[in-house]
Each structure stands twice: as structure tokens, then as C-alpha cells.
Amino acid sequence: MHGGGRSKWKSRKTSRSSLLIFSLLTLLFLLLFFFVFYEEISTFIHPVSKTSSPLSTQSSQCLKTLGERFLFYAPHSGFSNQLSELKNAILMATILNRTLIVPPVLDHHAVALGSCPKFRVLSPNDLRLKVWDHAVELIKEGRYISMAEIIDLSSISKLVRTMDLRDFVSLWCNVALDSVCLDSSNVKSSRLDNLRQCGSLLSGLTGNVYKCVYAVDEDCRTTVWTYKSKDVDSALDAFQPDEQLRLKKKISYVRRRRDVYKNLGPGSAAHLSTVLAFGSLFTSPYRGSQLYIDIPESPRDNRIQSLLDKIEFMPFVPEITNAAKEFVQKVIKSPYLCAQLRLLDGQFKNHWKTTFSVLKLKLLGLKQKGTLPVHIFVMTDLPRSNWSGSYLEELASDESSFKLHVLNNDDEFVRRTAEKIAPASCGKGGIPDNCLRPCPHRRPDVLLYLEEAVCSCASLGFVGTAGSTIAESIELMRKNSACLEQKQIT
Ligand SMILES: *[C@@H]1O[C@H](CO)[C@@H](O)[C@H](O)[C@H]1NC(C)=O
Ligand SMILES: *[C@@H]1O[C@H](CO)[C@@H](O)[C@H](O)[C@H]1NC(C)=O
């Protein structure tokens with residue numbers, strides 16, 4: 001049967017049919033060509049038209065912002081992680097001389113990256129889109145708070161330009177956010193469509209658009225970004241997927257060390273684009289290597305060195321640090337210890353014994369040499385109603401030896417701080433006076449930041465939970481004397 005079929009085909013093959021095939025192919029090729037270059041053709045034909053065609057609208061946005069070049073990135077996970085990525089983004093924006101688009105504080109674990117060492121991470125496109133969608137959600141729900149409203153960026157403002165994501169959206173997406181201010185629950189669907197289109201563009205879902213958007217595809221599976229390092233550009237990194245992983249997961253990644261300035265700076269295709277969009281900027285040491293960014297001290301570049309010094313520790317905004325100091329002076333009123341006890345989240349619920357034993361030891365010492373009661377500021381994710389049966393209950397009931405202090409969301413201090421950061425009504429009737437940005441309707445959650453700031457002031461010491469990034473943040477604040485005034489109190 002096979003043989004017969006083949007011979008039939010052969011016999012029908014005439015010069016006329018091959019001409020037909022050739023014309024069809026040519027047509028297909030032309031169509032393909034047209035689609036691929038459609039964006040540029042449409043920009044060329046109507047550079048600033050406001051047609052409803054998504055592609056021409058997108059390109060006109062890029063013309064609008066010509067002259068200023070931006071850097072976007074997609075943070076993830078909890079606040080400490082988001083802060084470390086902000087620092088890396090500041091570094092990248094400075095090296096590449098781009099205006100940093102400052103993202104909002106994302107909800108705890110609203111966006112997850114995955115695991116770099118296991119080569120199992122969300123692609124940069126997916127990550128950018130998730131962050132974008134989450135930001136739109138925060139705007140719609142009136143819960144949007146910028147990282148710059150929590151972290152004080154004044155120390156780096158002379159070294160790098162920044163722009164709030166909301167301002168960037170107004171500029172770039174044809175969405176006047178002020179109309180959203182009136183009633184965020186009533187955002188017109190056409191505006192949301194516009195936003196969605198804008199998000200796909202920025203995420204790289206529509207591909208790279210020449211001179212407009214360059215979406216960085218390289219992530220921790222393929223790349224370690226360096227800057228002015230001694231390595232040859234594109235040298236292999238020390239950490240590669242091992243043979244086992246390669247076989248089991250059919251992983252074909254090769255990790256290379258690439259100079260960020262040479263690959264994405266002047267002279268590169270990326271440099272020409274208005275927006276350079278990274279995925280995650282998360283890095284951390286792993287097996288003697290860095291997962292994604294390896295830009296250590298840079299004695300050969302004063303500007304970068306001074307920036308590295310400045311971003312190592314970035315304080316909270318004064319609204320938060322001042323509120324924490326006030327709490328210490330008016331409520332605790334004595335020298336105190338801070339106990340940061342992470343007891344519920346993830347791995348931490350299995351380590352109660354270790355976590356409490358360190359605290360017990362510390363308190364034993366304090367009880368022997370200090371005046372009683374020993375004041376303790378407790379920062380924990382275990383709700384007070386669940387303390388029964390734990391060491392915390394023991395401490396709380398021993399009133400002659402210990403006095404515990406906690407903060408929670410209903411406290412006056414917490415409420416007032418939240419109010420200062422995001423005034424509930426920016427004007428009469430909830431309409432902001434200067435409504436360039438949507439007005440948050442809900443009080444932001446500032447408890448974590450306040451607690452960290454209070455812990456940074458604890459003069460009797462600090463006991464944290466091993467492996468917690470919150471503990472690391474507090475240690476860093478204490479190392480950098482984030483609470484100098486406290487010295488006068490003790
Ligand atoms: C950095 O960018 C700004 C604004 O786009 C420009 O004025 C300046 O010349 C650039 N600096 C360098 C060193 O390229
Ligand atoms: C905390 O207490 C509530 C009831 O008061 C209970 O439902 C919950 O399971 C407890 N959680 C933990 C972690 O013990």
C-alpha cells in the first residue's frame with residue numbers, strides 16, 4: 001500500500017503544482033514577514049495615532065517616553081526578599097544609567113520565584129506578568145503602597161533616578177490613574193484592558209519591541225551578572241547543574257558569567273530600548289557562587305563602590321522609625337530585650353525547641369544580673385490566643401520576673417503610623433487633592449516594619465529565629481545603629 005501511494009504522488013507531480021507550491025510559500029513568507037515587522041510598520045505609519053490596535057498603541061507609548069530610559073524588574077516572596085531585590089535593582093539601574101521603576105510592596109508570597117539551585121524557577125516573562133497583575137490588583141483594591149513609602153530612598157536619590165510604578169503607568173499605558181481614584185471598585189473595563197495590554201508589553205509576552213521594550217530572558221539558570229570583574233565575559237560559572245539533575249530533569253542549562261554593562265549597556269540591543277525589563281533580581285550565595293548577581297566591592301569604580309556602601313543598609317522612612325522610638329519611650333519606658341520568634345511559617349513550626357532554648361538562656365543571664373522585671377518586646381507570628389502550653393505563656397504568667405510588650409494591628413501606634421504612610425482620605429470624600437495616583441482606601445499593614453524598628457532599638461539585646469530573613473534584617477539595622485537615640489534612654 002505504501003509503495004502504491006508513493007508512486008501515485010510521483011505520477012501527479014507536475015511542474016504546474018510545484019509552481020503553485022512555490023507561490024503559496026512565497027505568500028506565506030510575505031505574510032510572516034508582515035506580521036513580524038507589523039509593530040514597526042505601524043509605528044512608522046502612525047507614530048502617535050490613538051487607534052485601538054494594541055500594537056500601534058504600544059509603540060506610541062515608547063515614543064512618548066523617548067529620551068528617558070527605564071529599568072523594570074519583578075520582585076517576589078516576602079518583604080525582606082523584596083527589599084534585597086530593590087537594592088539589586090538600584091545597583092543595576094545605576095550601572096546601566098536607567099530610571100528605576102519602583103514597584104509596590106507585594107503581599108507576602110503573592111509571587112513566588114521557585115528554586116534557583118534546583119533550576120526550577122518561573123520564567124522571567126511569567127514572573128513579570130504576575131507582578132504586574134498583582135500591582136493592578138493592589139491599585140484596584142486601594143491597597144497599593146510603594147516600596148519607597150516604606151524604605152527611605154533619600155540616601156541614593158543623588159546616584160540614581162527613580163519613578164513610582166503608578167507614575168510610569170500613567171505616562172506609558174494611556175491610563176490616567178486619576179480616574180481610578182474616584183472609585184477604585186468601578187474602574188472601567190476599557191481601562192483595565194488598556195492596563196492588561198500594557199502589562200503584556202512590559203512582561204515581554206509580546207516579544208521584544210525594537211527601541212521600546214527589551215525583556216531580559218536570562219535568569220539564574222543561565223546567567224550570573226557581573227560588572228568589571230576579572231573574568232572573561234561569558235566564562236562558565238563555578239556552579240552548574242550536576243549530572244544527576246541533568247539526567248533526571250533533562251536540564252540543558254549552562255550558567256555563564258556575563259558583564260551586565262557589556263551585554264545590556266551602550267552598544268547592545270537592550271540599550272536602545274526605552275524599557276529594560278528584568279525578571280527576578282534575587283541573588284544569594286550558593287556553593288561558593290552567586291545565584292544571579294555577583295557584583296562585590298568595586299574599588300575600581302568609585303561611584304559603584306559608594307552606592308554599594310549606601311544600599312547595604314537602607315532605613316525605614318522616618319514615619320516608621322519615629323513611631324517605633326515613640327513606642328519605646330512612651331510604652332516600654334525601660335531597657336528591654338527583643339525576642340523575634342518565628343513559630344508558624346513553613347520550616348519554622350518544627351523548630352520551637354531550638355528557638356525557645358536560645359531565648360531561655362539569654363533570659364536566665366538577664367534575670368541574674370539585671371533589675372526585675374526584665375522587659376521583653378515580643379515579635380511573633382503565633383497569635384496570643386495560641387500561646388497556651390508554650391514557653392511564651394510561661395513568660396507571660398511570671399509577672400514578677402518578666403514584663404512582655406507586644407504590638408498588634410489594633411494598637412494606636414500601629415494605626416497612626418499606617419495613617420501617616422497612607423492617609424485614608426487624601427481629600428474630601430476620599431478624592432485625593434492631587435490625584436495623580438490612586439488613593440489607598442485601606443490602612444497598609446505596617447506592623448512588621450514597626451516591630452523590626454522597635455527591635456533595632458532594644459538595648460538589652462536581640463534574640464532572633466535562626467534562618468529567618470526578618471532576624472537578618474534586624475541584625476543589619478542594629479549593626480548600622482538604626483536607633484542611635486536609644487543610647488540616651490538606657
Ligand atoms: C545618563 O542618563 C541621563 C538621562 O538619560 C543623561 O543625561 C546622561 O548623560 C547619562 N549619563 C551617562 C554617563 O551616560
Ligand atoms: C490557635 O488557636 C485556634 C483556636 O483558638 C485554633 O483553631 C488553631 O488551630 C490554633 N493554631 C495553632 C497553630 O495552634
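Of the contacts in the protein between residues at least 6 apart in sequence, 76% join residues at least 24 apart. The model is predicted. It holds 19 helices and 16 strands. Buried residues account for 37% of the 490 residues in the protein.

One open sheet contains five strands, in the order S5-S2-S1-S10-S6. Its pairing is parallel. Strand S5 (162-164) and strand S6 (213-215) each have a single partner strand, so they stand at the edges, and one side of each is left without a neighbour in the sheet. From one strand to the next, the twist averages 25°. Within this sheet, strand S1 (residues 70-72) pairs with strand S2 (residues 99-102) in the parallel sense. Two bridges make up that pairing. Phe 70 is placed opposite Thr 99 in S2. Helix H6 (residues 165-172) packs on the sheet and touches S1, S2 and S5. The direction of H6 makes about 80° with that of S5.

A further open sheet is built from three strands in the order S7-S9-S8. Here the pairing is mixed. Strand S7 (223-226) and strand S8 (235-236) are the edge strands, each pairing on one side only. S7 pairs with S9 in the parallel sense, over four bridges. Thr 226 has Asp 259 as its bridge partner in S9. S8, by contrast, pairs with strand S9 (residues 256-259) in the antiparallel sense, over two bridges. The bridge partner of Ala 235 in S9 is Arg 257. Strands of a sheet pair through backbone hydrogen bonds, in either the parallel or the antiparallel sense. Although S7 is an edge strand, both of its faces are covered. Thr 223 and Trp 225 lie on one side and Val 224 and Thr 226 on the other, and all are buried.

Strand S14 (residues 374-380) is also covered, with seven of its seven residues buried. Side chains in a regular strand alternate between the two faces of the sheet. In S14, Val 374, Ile 376, Val 378 and Thr 380 point one way. His 375, Phe 377 and Met 379 point the other way. Both sets are buried. Strand S13 (residues 336-341) runs parallel to S14 and is joined to S14 by six bridges. Opposite Ile 376 in S14 stands Leu 337.

The axes of helix H13 (residues 318-332) and helix H16 (residues 412-421) come within 10 Å. They cross at roughly 160°. That angle makes H13 roughly antiparallel to H16. The crossing of H13 with H16 is right-handed. On the H13 side, the contact is formed by Glu 319, Ile 320, Ala 323 and Phe 327. These residues meet Phe 413, Arg 416, Thr 417, Lys 420 and Ile 421 in H16. By class, the contact of H13 with H16 comprises five nonpolar, one polar and three charged residues.

The second pair consists of helix H4 (residues 79-95) and helix H12 (residues 302-312), whose axes come within 10 Å and cross at roughly 165°. H4 and H12 are therefore roughly antiparallel to each other. Their crossing is right-handed. Lys 87, Ile 90, Leu 91, Thr 94 and Ile 95 in H4 meet Ile 304, Leu 307 and Ile 311 in H12. The contact of H4 with H12 has six nonpolar residues, one polar and one charged.

Helix H13 also carries Ala 324. Ala 324 counts as buried because 26 C-beta neighbours lie inside 10 Å. Apart from neighbours within four places in sequence, Ala 324 is in contact with Leu 450, Ala 453, Val 454 and Cys 457. The C-alpha atoms of Ala 324 and Glu 451 are separated by 7.6 Å. Along the chain, Ala 324 and Glu 451 are 127 residues apart.

Note on methods:
Residues numbered from 1 in each chain as written. Chains lettered and ligands numbered in written order. Predicted model: local features only at pLDDT ≥ 70, side-chain atom pairs only at ≥ 80, totals over all residues. Axes fitted to C-alpha atoms, helices over the stretch in contact; angles between N-to-C directions. Parallel < 35°, antiparallel > 145°, perpendicular 65-115°, else oblique. Left-handed = near helix turned anticlockwise from the far one by under 90°. Contact = placed C-beta atoms within 7 Å. Nonpolar A, V, L, I, M, F, W, Y, C, P; charged D, E, K, R; others polar. Pairing = 2+ DSSP bridges. Buried ≥ 20, exposed ≤ 12 C-beta atoms within 10 Å, placed from the backbone.
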